[in-house]
Amino acid sequence: MAEALFDLEEILISRKEALTSEEAKLLHSWKQNAIRDFGIGATGASIATWLVTRRLNNLIRMNLTAGVGFYYSIRRFAKRLDSEVEQILSQQGTHLQTRLAEM
């Protein structure tokens, strides 16, 4: 889904289409939202894993913490991108919806 959003952004910039303020806000905020969700997912899952694995060796704990944090952050990142695309497609009669549907 990230590729579709990047392509959409490139198409709109190259064609220099006029967007409404709501469309421009949505187009510029999707990256920030996805990165924020990635960070929240990594931090939350890492802390939870570290606390749950108290009895294990520290090296194993660090590996588990990193692995679970990475896995969960990627899942949150992908879900955020999917929701951003769905949000764009749910808007009726916008330039963003039209261009994304064409792709």
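Predicted model: local features only at pLDDT ≥ 70, side-chain atom pairs only at ≥ 80, totals over all residues.
**Stop 1: helix H3.** Select 58-90, which is helix H3. Check its ends first. At 1.5 Å a residue, its 33 residues should span 48 Å, and the end C-alpha atoms are 47 Å apart, so the two values agree.

Now color the buried residues of H3: Arg-61, Thr-65, Gly-69, Ser-73, Leu-81, Glu-84, Val-85 and Ile-88. Look along the helix as you do so. In an α-helix there are 3.6 residues a turn, so residues three or four places apart point the same way. What do the buried residues of H3 pack against? Their partners are H1, H2 and H4.

**Stop 2: the core.** Keep Leu-81, Val-85 and Ile-88 selected; they belong to the largest nonpolar core, which has 12 residues. H2 gives the most, with 4.

Center on Ile-88. Leaving aside residues up to four places away in sequence, Ile-88 touches Leu-5, Leu-8, Leu-26, Leu-96, Gln-97 and Leu-100.

**Stop 3: the surface patch.** Select Ile-47, Trp-50, Leu-51, Leu-59 and Met-62. Together they make a nonpolar surface patch of about 500 Å². Which helix gives the most to the nonpolar patch? H2 does, with 3 residues. H3 also supplies at least two.

End on Ile-47, in helix H2. Its relative accessibility is 49%, so Ile-47 counts as partly exposed; the cut-off for exposed is over 50%.

How values were computed:
Residues numbered from 1 in each chain as written. Heavy atoms only, no water. Patch = residues over 30% accessible without salt bridge, like charges linked within 9 Å, V, L, I, M, F, W, Y side chains within 5 Å. Areas by Shrake-Rupley, 256 points an atom, 1.4 Å probe, with all protein chains shown as cover. Salt bridge = Lys/Arg side-chain N within 4 Å of Asp/Glu carboxyl O. Buried < 20%, exposed > 50% of the residue type's maximum accessible area, 1.4 Å probe, protein only. Core = buried A, V, L, I, M, F, W, Y, C linked by side-chain atoms within 4.5 Å. Contact = heavy atoms within 4.5 Å. Expected span 1.5 Å × (residues − 1).
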